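Subject: Structure handover

Hi,

Here is the structure for you to look through. Please open it beside this note and follow along.

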Amino acid sequence: MSASSAPNPTDGTSLSTVLDLVSTARREVLTTATGGSPWFGGTVTEAARRGAFPPHVRVRLLCTTPAEHARGEIIEAVRHGLRVKVTDRAIEESLLIDRRLALVPSGGDDARGLLMVTTPTLITALADAFDPRWEEATPWEMTSARPDEFEQAILRCLVDGMTDEAVANRLGVSARTVRRYVNVLMARVGARSRFELGFRAAECGWLPADALD
């Protein structure tokens with residue numbers, strides 16, 4: 001069957017069922033959501049916060065500007081490795097698992113209903129629509145608070161290969177303070193290492209594009 005009804009993930013049982021589905025991902029999860037939807041955006045951010053995705057699974061959320069109540073959830077999910085971009089274009093909501101299974105709104109009388117889709121042509125169309133929009137969208141980190149001058153100074157020092165102690169001496173603070181700021185910056189962009197922090201910082205325009213050369 002190419003499409004079937006899926007549970008409504010706005011109640012506890014349904015959310016658990018959808019979390020079970022996304023936790024089967026082996027390579028990637030692609031999600032589009034409007035304003036922090038309780039169907040897709042909320043489900044994927046909750047899955048990320050619960051650690052439902054193995055470290056090797058690439059999880060991306062493309063959303064319109066989220067509602068204020070959803071921003072905290074997204075920030076927390078980014079800390080757990082979720083990649084988020086924001087678009088100002090109209091998007092249709094969908095959730096794709098390994099490009100083999102998709103969930104989409106049913107469009108029926110129940111505005112919260114979902115359909116499970118396995119038809120290859122439909123899934124390919126959803127993926128083909130996702131990829132270019134992801135590329136042109138704005139990284140979440142660029143829509144949130146940019147690092148201040150002190151944080152940028154720490155980033156530049158780290159990219160230059162300086163130790164925490166050397167950074168502390170240059171900036172006139174303790175090494176403990178440097179480590180605390182580094183942890184904050186890593187959490188802000190969802191980086192799991194200092195190398196990834198430098199890469200993400202350059203990617204978001206926090207550092208010159210050639211900073212890692």
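Buried means under 20% relative accessible area, exposed means over 50%, and partly exposed lies in between. Keep those cut-offs at hand. Also keep in mind that this is a predicted model.

**Asp148 and helix H6**

Start with Asp148. Its relative accessible area is 41%, so Asp148 is partly exposed. Asp148 sits in the loop between helix H5 (140-143) and helix H6 (149-159). Now find Trp206. Asp148 and Trp206 are 58 residues apart along the chain. Their C-alpha atoms are separated by 9.7 Å.

Move on to H6. Which residues of H6 are buried? They are Glu151, Ala153, Ile154, Leu155, Cys157 and Leu158. An α-helix has 3.6 residues a turn, so residues three or four places apart point the same way. What do the buried residues of H6 pack against? Their partners are helix H7 (164-171), helix H8 (175-189) and helix H9. Just after H6 comes Gly161, with a positive phi of about 85 degrees.

**Strand S2**

Next, look at strand S2, residues 28-33. Six of its six residues are buried, so S2 is largely enclosed by the rest of the structure. Glu28, Leu30 and Thr32 point one way from S2. Val29, Thr31 and Ala33 point the other way. Both sets are buried.

S2 pairs with strand S3 (residues 58-63) and with strand S5 (residues 94-97). S2 and S3 run parallel, and six bridges join them. S2 and S5 run antiparallel, and four bridges join them. In S3, Thr31 stands opposite Leu61. In S5, the bridge partner of Thr31 is Leu95.

Check the backbone angles here. Phi of Asp98 is near 55 degrees, a positive value in a residue other than glycine. Phi of Arg99 is also near 55 degrees, and Arg99 is likewise not a glycine.

Arg99 has a relative accessible area of 33%, so Arg99 is partly exposed.

**The largest pocket**

Last, the largest pocket. It holds about 180 Å³ of space. Where does the largest pocket lie? Domain 1 (15-143) and domain 2 (146-204) both give residues to its lining, so the largest pocket lies between them.

These residues line the largest pocket:

- Pro55, Val57, Arg58 and Val59 are among them.
- Gly81, Arg83, Gly190 and Arg192 are also among them.
- Glu196, Phe199 and Arg200 complete the list.

By type, the lining divides into four nonpolar, two polar and five charged residues. S3 and H9 (194-203) each supply at least two of the lining residues. H9 gives the most, with three residues.

Over to you.

Note on methods:
Residues are numbered from 1 along each chain as its sequence is written. This is a predicted model: local features need pLDDT of at least 70, side-chain atom pairs count only at pLDDT 80 or more; totals for chains, interfaces and linings use all residues. Side-chain values use heavy atoms; hydrogens and water are left out. Buried means under 20% relative accessible area, exposed over 50%, partly exposed in between (1.4 Å probe, protein chains only). Two strands pair if DSSP finds at least two bridges between them. On a 1 Å grid over the protein atoms alone, a cavity is a set of points where a 1.4 Å probe fits but cannot get out, and a pocket is an open set with protein on both sides within 12 Å along at least five of seven lines; lining residues have an atom within 4 Å of a point. Grid points are joined across faces, edges and corners, and a volume is the space filled by probe spheres set on the points. Ala, Val, Leu, Ile, Met, Phe, Trp, Tyr, Cys and Pro count as nonpolar, Asp, Glu, Lys and Arg as charged, and the others, Gly among them, as polar. Domain bounds come from an automatic or database domain assignment. Contact means heavy atoms within 4.5 Å.
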